[in-house]
Amino acid sequence: MGAIVETSIDNDAQQLLALLHLSSPALPIGAFAYSSGLESAIELGWVNTEAELQSWLDGMLSGLAHLDIPVLLRLCAARADNDTQQLQYWSDFLRANRESHELLFEDEQLALALVRLLKGQALDVSSLPTEPAFMAVYSLAAEHWGLNASWAALGYLWSWLENQLTVASKTIPLGQTSAQRLLIALKPALLAHFAVAQQLEDDQLGLSLLGQVHASCIHETQYSRLFRS
């Protein structure tokens with residue numbers, strides 16, 4: 001019995017370490033350099049308070065739940081089935097849904113950085129789609145580190161949320177205590193949005209967040225900014 005328990009713990013530990021690795025802000029892909037429109041939303045006065053930030057982030061999580069996360073789940077499934085056609089389709093689908101030059105640029109740069117990281121670990125990246133979306137590369141990284149699709153998706157949502165709060169901490173500014181309070185407050189929303197993402201059919205994917213798109217477009221010419229455009 002002891003050996004069985006130890007094996008179970010070992011498997012769980014490997015999943016946990018893979019999750020921490022892939023979702024770590026220390027992962028050298030430069031995600032910290034982008035605000036995904038939040039910096040402009042703050043500059044425009046749309047997001048000034050903790051309550052307004054919570055509302056903004058909840059809306060953004062809904063967007064991820066209707067696009068990035070369900071596509072990630074499909075990419076992971078296609079990778080498990082070795083279905084190159086589906087890998088290419090969903091990667092292209094995701095890129096086509098980037099509604100501003102800045103959002104597409106962010107996706108492309110994150111994808112390139114993660115590809116460089118994986119190549120640096122001597123990982124064969126030949127199975128990636130042509131011009132892969134970031135999530136296509138992320139699904140390969142998850143597979144490489146033995147992380148199942150659900151954990152990979154939750155890890156991405158958590159790292160995205162932490163990054164957005166880092167943006168807010170530098171630009172509102174938002175104190176560390178407030179940031180932690182928001183992380184705790186948004187945990188139920190994160191799980192609820194993930195549950196939605198798991199249930200969506202193919203023809204239900206895609207959600208346009210006009211406020212984010214507007215802010216992203218403005219950010220490209222914003223006079224003073226901390227984050228990349």
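Author: Let us start at the surface of this predicted model. L16, L17 and L20 make a nonpolar surface patch of about 310 Å².

Reader: Where is L20 placed?

Author: L20 is in helix α1, which covers residues 2-23.

Reader: Now to the backbone. Which peptide bond is cis?

Author: The bond from I172 to P173 is cis, and its omega is near -5°. P173 belongs to the loop between α8 (149-171) and α9 (176-199).

Reader: What about phi of N82?

Author: N82 has a phi near 55°, which is a positive value in a residue other than glycine. The loop between α4 (68-80) and α5 (84-96) holds N82.

Reader: Is N82 buried or exposed?

Author: N82 counts as exposed, because its relative accessibility is 63% and the cut-off for exposed is over 50%.

Reader: And what is phi of A122?

Author: Phi of A122 is near 60°, again a positive value in a residue that is not glycine. A122 sits in the loop between α6 (101-120) and α7 (134-144). With a relative accessible area of 72%, A122 is exposed.

Reader: Let us turn to helix packing. How is a pair of packed helices described?

Author: Two values are used for packed helices: the angle between the axes and the distance between them.

Reader: What are the angle and the distance for α3 and α4?

Author: Helix α3 (residues 50-66) packs with α4 at an angle of about 30°, and the axes are 3 Å apart. Angles under 35 degrees count as roughly parallel, and α3 and α4 are therefore roughly parallel to each other.

Reader: Which residues meet there?

Author: On the α3 side they are G63, L64, A65 and H66, and these meet D68, I69 and P70 in α4.

Reader: I would like to stay with A65. Is A65 buried or exposed?

Author: A65, in helix α3, is buried, with a relative accessible area of 2%.

Reader: What is A65 in contact with, apart from its neighbours within four places in sequence?

Author: Those neighbours aside, A65 contacts P70, H193, A197 and L200.

Reader: How far apart are A65 and A26?

Author: A65 and A26 are separated by 39 residues in sequence, and their C-alpha atoms are 24 Å apart in space.

Reader: A change of topic: how many salt bridges are there?

Author: The count comes to seven salt bridges, taking a side-chain nitrogen of Lys or Arg within 4 Å of a carboxyl oxygen of Asp or Glu. One of these salt bridges joins the side chains of R181 and E50, at 2.8 Å from N to O. R181 lies in helix α9 and E50 in helix α3, so this pair ties together parts that are 131 residues apart in sequence.

Reader: How exposed are R181 and E50?

Author: R181 is partly exposed, with a relative accessible area of 42%. E50 also counts as partly exposed, at 24% relative accessibility.

Reader: Which residue does D68 meet in a salt bridge?

Author: D68 and R98 meet through their side chains, with an N to O distance of 2.7 Å. D68 is in helix α4 and R98 in the loop between α5 and α6, so the pair ties together parts 30 residues apart in sequence. D68 is buried, with a relative accessible area of 6%, and R98 is buried as well, with 18%.

Reader: And what does R95 meet?

Author: The side chain of R95 forms a salt bridge with that of E131, at 3.9 Å from N to O. R95 is in helix α5, while E131 is in the loop between α6 and α7, so parts that are 36 residues apart in sequence are tied together. R95 is buried, with a relative accessible area of 17%, whereas E131 is exposed, with 55%.

Reader: Lastly, why is α7 described as largely enclosed?

Author: Nine of the eleven residues of α7 are buried, so this helix is largely enclosed by the rest of the structure. Among the buried residues are F134, M135, V137, Y138 and L140.

Reader: What follows α7?

Author: G146 follows α7, and G146 has a positive phi, near 70°.

Definitions and conventions. Residues are numbered from 1 along each chain as its sequence is written. This is a predicted model: local features need pLDDT of at least 70, side-chain atom pairs count only at pLDDT 80 or more; totals for chains, interfaces and linings use all residues. Side-chain values use heavy atoms; hydrogens and water are left out. Patches are made of residues with over 30% relative accessible area and no salt bridge: like charges are joined within 9 Å, nonpolar side chains (Val, Leu, Ile, Met, Phe, Trp, Tyr) within 5 Å. Accessible areas come from the Shrake-Rupley method with a 1.4 Å probe; for residues, only the protein chains shown count as cover. Helices (H or I, at least four residues) and strands (E, at least two) are DSSP runs, numbered from the N terminus. Buried means under 20% relative accessible area, exposed over 50%, partly exposed in between (1.4 Å probe, protein chains only). Axes are lines fitted to C-alpha atoms, for helices over the stretch in contact, and angles run from 0 to 180 degrees between N-to-C directions. Angles under 35 degrees count as roughly parallel, over 145 as roughly antiparallel, 65 to 115 as roughly perpendicular and the rest as oblique. Contact means heavy atoms within 4.5 Å.
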